[in-house]
Amino acid sequence: MKKKMVSVVMCTALMATGSLGIAQSAFGEAAGDFAGQELVIAVEDGGQYAIFYDNIKSEFEEMTGATVTLVGADNDAVIAECMSKSGYYDVLTMDGPLIPQYASLGYLLPLDEYVEQSELEDFYDAAIESVKWDGQLYCLPYLVHGPVLYYRTDLLEAAGFDHAPENVEEYFEMSQALTDEANGVYGTIIEGKQCSEAVSQLMDKLFQFNGELISSEDPTKIAFDSQETITMFEYVMQFYNSNAIPEASSSYDNGDVQNMFLQGQLAFACNWPYMWSMVNDEEFSKVIGKVGVAPQPGANAVWSWSFGVSPDSDNIDLAVEWCKWASSSEVIAQLAETFINPAVRKTSSDIAVAAISNEADAGALDGMNQSLAQGIAPTLSTNFGELRTRVALTLNRITTGEATDIGAEVAECAEELQTILDEAYE
């Protein structure tokens, strides 16, 4: 769901990571029971989190007696193995929106009978909801993220503001007040490009106005045709009809938001946690030391990366133990501290923030953790990508002014969305 920047410095730092000292108690009786077994884990090829887990897998191997191999694979390669029922991959790395597809095809093992409810209580609610589908738990998350609010501390201070916007009204008003077109600075960008990234950002706004795409009460129904959706789009168009955003925002996505913010051209930017490392990198940023991080006003969508188990694995119990260990409080705290990314566990949030000596990094992580605490996991479907593509069209039609009757455009979109969703249940 996000664009990633993996720097040589980051990878080098991860390769130097030493033992995490994970307590034996993370396993209890499971420790040492799997001697001689080999666990094969499908991971994002070249991904920074795959490198992180590859560097600490020896802790898991020592405690279980098993051998762990992480194999870089794209979605097509994983699907091919799942279709063949080869059992080659014991553990699958899952991008949240793909969970319904994998689960519906029988490519993921339901974990409810393997994981006690008490083991889930330390996870943020949205983190667990992001890995459920059709009422069942299919994965355990190691990463849950969503766009957070980056803000220019120097511009806010100069304008007399002592806090980041805390509600949608303040966000609009402060964006207007901080726009300085003469110096090429705008309040923010509300993305309007016809693409999936812009729709991911739109989901935040939809939740801020208590709307939904798919009904959380009845996942067979589209909830988009609502007054909440109309009000949300009317709010978006307040920005487009003022000077608070660049004129070309209807053609922008989060890459444009990133670039303009790093060049000092925006007071606010809603973007993924990955951008924090770029904010503080001289190669990319002109705003080093001038940026804070806060949760978006009121609510935001959250999206997950997680580990799930192939039902065709010959090592199901071992695979489940990996999922539990990889999402344990100690491991998640280290991951959050290393990447400055929100921790999926409540205890890990406090541990990670306390472990960071750099005040700016600690503040950024705290803001990200607050974002997760208020976050909402969108209701998903097996064809969520198709739904997102259709919403992207309506978003662009409204922000370009092609559709001027917002209510009619939303109703037409919702009707087509329902047709698409119905196909998922045929």
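This report describes the fold, the salt bridges and a charged surface patch of a predicted model.

## Basis of the model

The structure is a predicted model in which local features need pLDDT of at least 70 and side-chain atom pairs count only at pLDDT 80 or more, while totals for chains, interfaces and linings use all residues. Residues are numbered from 1 along each chain as its sequence is written, and side-chain values use heavy atoms, with hydrogens and water left out.

## Overall fold

The chain contains 17 helices and twelve strands, these being DSSP runs numbered from the N terminus (helices: H or I, at least four residues; strands: E, at least two). Its radius of gyration is 22 Å, close to the 22 Å that the globule rule gives for 426 residues, so the chain is as compact as a globular protein of that length. The radius is taken over C-alpha atoms, and the globule rule is 2.2 Å times the number of residues to the power 0.38.

The C-alpha trace spans about 65 × 55 × 35 Å along its principal axes. Of the 426 residues, 58% are buried (under 20% relative accessible area; exposed is over 50%, partly exposed in between; 1.4 Å probe, protein chains only).

## Helix H13

Helix H13 covers residues 329-339, and its buried residues are Ser329, Val331, Ile332, Ala333, Leu335, Ala336 and Phe339. After H13 comes Ile340, which has a positive phi near 50 degrees.

## Salt bridges

Nine salt bridges are present, each defined as a side-chain nitrogen of Lys or Arg within 4 Å of a carboxyl oxygen of Asp or Glu. One of them joins Lys324 to Glu119 at 3.3 Å, N to O. Lys324 belongs to helix H12 (residues 316-326) and Glu119 to the loop between helix H4 (99-104) and helix H5 (125-129), so this pair ties together parts that are 205 residues apart in sequence. Glu119 is partly exposed, at 29% relative accessibility.

Helices H16 and H17 (residues 406-424) are linked by Arg390 and Glu416, 26 residues apart, whose salt bridge has an N to O distance of 2.7 Å. Arg390 is buried at 8% relative accessibility, whereas Glu416 is partly exposed at 34%. Arg397 and Glu409 also meet in a salt bridge, at 2.9 Å, N to O; Arg397 lies in H16 and Glu409 in H17, so the pair ties together parts twelve residues apart in sequence. Glu409 is buried, with a relative accessible area of 3%, and a network of salt bridges links Arg397, Glu402 and Glu409.

## Negative surface patch

Glu386, Asp422, Glu423 and Glu426 form a patch of negative charge on the surface. Patches are made of residues with over 30% relative accessible area and no salt bridge, like charges being joined within 9 Å and nonpolar side chains (Val, Leu, Ile, Met, Phe, Trp, Tyr) within 5 Å. Glu386 is part of helix H16 (residues 384-399) and is partly exposed, at 42% relative accessibility.

Technical notes:
Areas by Shrake-Rupley, 256 points an atom, 1.4 Å probe, with all protein chains shown as cover. Lys, Arg positive; Asp, Glu negative; His and termini not counted. Charge placed at Lys NZ, Arg CZ, Asp CG, Glu CD.
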